[in-house]
Amino acid sequence: MTKSGKKKHLIRNIKKKLVEFNISQPQHDFLVSSALSTGFVAGLGSGKSMIASLKVILFKLKYPKIKAAYYLPTYPLIKDIAFEKFPELLEEIGIKYVLNKSDKEIKLKNFGKIIFRTMSEPETIIGYEVGYSVIDETDNLPLEKMTIAYENITSRNRQKLPDGVLNIVDVVGTPEGYKWFYTNFKKNPLKGSILIKASTYSNLHNLPSDYIDKLSMIFPPNRLK
């Protein structure tokens with residue numbers, strides 16, 4: 001959790017309304033990246049899921065007729081991350097929505113649909129098409145299973161965008177050792193990919209003042225670093 005970046009204000013004009021987000025420099029870099037695959041590896045509390053969720057929403061505002069997908073290892077994580085973070089952001093931006101938990105999707109009024117899928121059974125990632133995908137917490141799955149999931153996710157990510165922009169698959173996660181994330185963004189980088197690193201320190205302005213002190217009490221020095 002070394003210090004990096006500084007807090008930065010992002011202002012988006014959405015539906016004739018100015019909405020301000022207080023984000024870090026690494027979060028901003030991820031948000032504006034147009035690489036075929038941007039990896040955002042970040043420490044605990046660095047706001048990776050928040051910025052990934054916001055990027056999906058901004059995609060939908062630009063391409064309301066194109067579906068977007070958000071992937072997590074398990075259904076409980078969809079409940080904890082997707083079903084909480086997305087509604088918070090949509091309400092902050094002022095977009096009306098309907099959350100369908102049984103179908104694992106959010107319908108945005110006038111801006112189409114965001115679907116959520118698990119990766120625990122990669123063979124079930126079939127039968128639909130999207131134009132943008134975000135994968136969260138890849139290293140919660142074994143390397144072989146995650147490899148199959150990524151292949152299936154990429155094959156689903158094929159809805160043609162009206163302005164000719166290429167389809168993107170972004171990946172966010174916390175450092176979990178030398179697993180899928182490390183292999184595909186550091187050891188043998190995916191074609192057209194870039195890697196953005198963010199420490200917990202970069203998001204201190206959005207965290208409790210004693211958050212890192214508490215982590216220091218429970219993590220050994222190598223894990224903390």
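My entries on those topics follow.

I am working with a predicted model, where local features need pLDDT of at least 70, side-chain atom pairs count only at pLDDT 80 or more, and totals for chains, interfaces and linings use all residues. Residues are numbered from 1 along each chain as its sequence is written, and side-chain values use heavy atoms, with hydrogens and water left out.

**Helix α3.** I looked up residues 75–93 and found a helix of 19 residues; helices (H or I, at least four residues) and strands (E, at least two) are DSSP runs numbered from the N terminus. From first C-alpha to last, α3 reaches 26 Å, close to the 27 Å expected at 1.5 Å a residue, the expected span being 1.5 Å times one less than the number of residues. Among the buried residues of α3 I noted Ile-78, Phe-83, Phe-86 and Leu-90; buried means under 20% relative accessible area (1.4 Å probe, protein chains only). Gly-94 follows α3 and has a positive phi, near 95 degrees.

Next I checked β5 (residues 97–100) and β6 (residues 105–108), which run antiparallel and are joined by 4 bridges; strands pair if DSSP finds at least two bridges between them. I see Asn-100 opposite Glu-105 in β6. The turn has 4 residues between the strands, and Lys-104 there has a positive phi of about 55 degrees.

Definitions and conventions. Buried < 20%, exposed > 50% of the residue type's maximum accessible area, 1.4 Å probe, protein only.
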